[in-house]
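Could you walk me through it, feature by feature?

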Amino acid sequence: MMNLRIETLDDFLPDPLAFREQALKEKFYDIRGPDGEMYRNIHVRPSDELAGLMSERLGKTVRCGYSLLRVNFAGDLPNHAIHTDNGYDRFAAILYLSRPADCVGGTAFWKHKQYGWTNWPDAAAMRRTCKKPEKIVAQLQCEANTDSAWEQTHLAEMKFNRMIVYPTDQFHSRFPFSAFGTTMEDARLIWVSFFSVV
Ligand SMILES: [Fe+2]
């Protein structure tokens, strides 16, 4: 698990349709995340609602921190497209809940072309650039929406009831950047959780 890069857990929920129906009845709102950014159309979930199932499938005890549902529509663009979430727990899980016929793209993983980084750089990696860390951070933020600065190394394809699990320090984005759908029924719907393993 410590070496986990991207893990795919298909047919994750025993009754995905019931979970989806319940999810669509929830109230979605805009919230400010711990990173200070505003996130649209979020519904915060009880942290550990799927931790038992995740533990079973991963063979490790999972402790979920921040868990949420998120819906995005056609034309919605991410705050920072290519990013890491290493301010949260060590791992992230995404459960795709869009109907099979609506699924498009998925979650892309990226390598920064100039520096060769696939993960958020540690202090030593930053030092090797001979640039100040704050300059590097500003550059990575500035290039978050510029896909020409990055090479896509993997696309985890969206599939109804598929969960993907990956370390939060890997550069990733939804892909394509723009979501899809015009109604709650046909929009991009995901359940997300940040978690650690014991
Ligand atoms: Fe993310």
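Q: How many helices and strands does the protein have, and how are they numbered?
A: Helices (H or I, at least four residues) and strands (E, at least two) are DSSP runs, numbered from the N terminus. By that count this predicted model has four helices and ten strands. Along the sequence they follow the pattern β-α-β-β-α-β-β-β-α-α-β-β-β-β.

Q: Before we go on, what should I keep in mind about a predicted model?
A: Local features need pLDDT of at least 70 and side-chain atom pairs count only at pLDDT 80 or more, while totals for chains, interfaces and linings use all residues. Residue numbers start from 1 along each chain as its sequence is written.

Q: What does the radius of gyration say about the protein?
A: The radius of gyration is taken over C-alpha atoms, and the globule rule is 2.2 Å times the number of residues to the power 0.38. For 198 residues that rule puts a compact globule near 16 Å; the protein has 17 Å, which agrees. Its C-alpha trace spans about 55 × 40 × 30 Å along the principal axes.

Q: Which strands pair in the sheet of seven, and in what order?
A: Two strands pair if DSSP finds at least two bridges between them. Here seven strands make an open sheet in the order β1-β8-β5-β10-β4-β3-β2, with antiparallel pairing. At the edges are β1 (7-9) and β2 (29-32), each of which pairs on one side only. From one strand to the next, the twist averages 35 degrees.

Q: How many bridges join β4 to β10?
A: Nine bridges join these two antiparallel strands. In β10, V192 is the bridge partner of L68. On to β3 (residues 38-45): four bridges link this strand to β4, again antiparallel, and V44 has L68 as its bridge partner in β4. As for β5 and β10, they run antiparallel and are joined by six bridges, with Y96 standing opposite I190 in β10.

Q: Which strands does helix α2 lie across?
A: For such angles, axes are lines fitted to C-alpha atoms, for helices over the stretch in contact, and angles run from 0 to 180 degrees between N-to-C directions. Helix α2 (residues 51-58) lies across β1, β4, β5 and β8, and runs at about 110 degrees to β4.

Q: What is the order of the three-stranded sheet?
A: This open sheet has the order β7-β6-β9, with antiparallel pairing. Its edges are β7 (150-157) and β9, each with a single partner strand, so one side of each is left without a neighbour in the sheet. The twist averages 35 degrees from one strand to the next. β6 and β7 pair over seven bridges, and L155 in β7 is the bridge partner of A108. Strand β6 (residues 106-112) is joined to β9 by four bridges, where F109 stands opposite H172.

Q: Is I94 buried or exposed?
A: A residue is buried if 20 or more other C-beta atoms lie within 10 Å of its own, exposed if 12 or fewer, and partly exposed in between, with C-beta atoms placed from the backbone. I94, found in strand β5, counts as buried because it has 21 C-beta neighbours inside 10 Å. Of the 198 residues of the protein, 29% count as buried. Strand β9 (residues 172-175) is covered on both faces: H172 and R174 are buried on one side, S173 and F175 on the other.

Q: What is I94 in contact with, leaving aside its neighbours within four places in sequence?
A: Two residues are in contact if their C-beta atoms, placed from the backbone, lie within 7 Å. With those neighbours left aside, I94 contacts T107, M163, I164, I190 and V192. The C-alpha atoms of I94 and I190 are separated by 6.5 Å, although these residues are 96 apart along the chain. Among contacts in the protein between residues at least 6 apart in sequence, 81% join residues at least 24 apart.

Q: Which residues touch the most other members of the largest nonpolar core?
A: A nonpolar core is a set of buried Ala, Val, Leu, Ile, Met, Phe, Trp, Tyr and Cys residues joined through C-beta atoms within 7 Å. The largest one has 29 residues, and A93, I94, L95, Y96, L97, M163 and I190 touch the most other members. Two or more residues each come from β4 (62-72), β5 (91-96), β8 (163-167) and β10 (188-197). β5 gives the largest share, six residues. A second, separate core has eight residues, including A81, I82, W110 and F171.
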